[in-house]
Amino acid sequence: MKISPSLLAADFLNLGREIEKINASEADYLHLDVMDGVFVPNISFGFPVLQGVAKVCRKPLDVHMMTVEPEKWIGHVRDLGARIMNVHQEACLHLYSTVQHIHEAGMLAGVTLNPATPVETLTDIIQDVDLVLIMSVEPGFGGQPFIRHTLEKVRRLKALRDASGSKAMIELDGGVNAKTGSELAEAGADILVAGSYVFGAPDINEAIRSLQRL
Ligand code: DX5
Ligand code: ZN
């Protein structure tokens, strides 16, 4: 299992130190949650902060855009040197073009689904994406309880992906801990995002390793 710790749960007063902990850990990615206060009812951090983060972080960046019109930010995300750019299906009127533009910018394209958006909406684009990010909480806030129906969605997405011949990775975001992580692993997840479970742990690397072993 690959693990993408979410910086949203880090200590923002000591961001440099928190990123050094991630650099020193076995994390596979660093997950960055960008919010605009419009697509979600919260604001996290913007590109001036992310540019500083990108300079010191040695893990591949997994950027999760929770904004309207995420296509406007493709150049900014590329300039961070990000590996993955995730855009919400609900925020993209022309999802196919947005996915192509992310690819043209040299990044892996991820499509994100809110809890109430069915995985079947991806039937006609699953072959063009590198990753599907399923939200297991409503986007916008860390520390929320896992929505259990997500397990069923992961199974259906895996079946859809395998039937189409797509190689898209399945990533999960929200309420991940040792218990829900192990259920998600069984359902077919490839990558787990974890915020509070990792940054709230006494030993960040041990928390990451315990999820990687699932
Ligand atoms: C929520 C964010 C998540 C968040 C997860 O909108 O997309 O990445 O940081 O936090 P936890 O793991 O605490 O649920
Ligand atoms: Zn996220």
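I started with the largest pocket, and about 300 Å³ of space lies in it; the volume is what probe spheres fill when set on grid points joined across faces, edges and corners. A pocket here is an open set of points on a 1 Å grid over the protein atoms alone, where a 1.4 Å probe fits, with protein on both sides within 12 Å along at least five of seven lines; lining residues have an atom within 4 Å of a point. I noted 24 lining residues, with G142, G143, D173, G174 and G175 closest to the centre.

This is a predicted model: local features need pLDDT of at least 70, side-chain atom pairs count only at pLDDT 80 or more, and totals for chains, interfaces and linings use all residues. Residues are numbered from 1 along each chain, ligands from 1 in the order written, and side-chain values use heavy atoms without hydrogens or water.

Next I checked the lining by class: 12 nonpolar, 10 polar (Gly counts here) and two charged.

What sits in the largest pocket? I found ligand 1 there, meaning that more than half of its atoms lie within 2 Å of the grid points.

I then listed the shell: 19 residues surround ligand 1, and S6, G140, D173, G195 and S196 are the closest (a heavy atom within 4 Å counts as near).

Last, I looked up polar contacts (N or O pairs within 3.5 Å). Oxygen atoms of ligand 1 lie 2.7 Å from a side-chain N or O of D173, 2.8 Å from a backbone N or O of G195 and 2.9 Å from a polar backbone atom of G143.

How values were computed: Polar contact = N/O pair within 3.5 Å; in protein donor to acceptor, adjacent residues only side chain to side chain.
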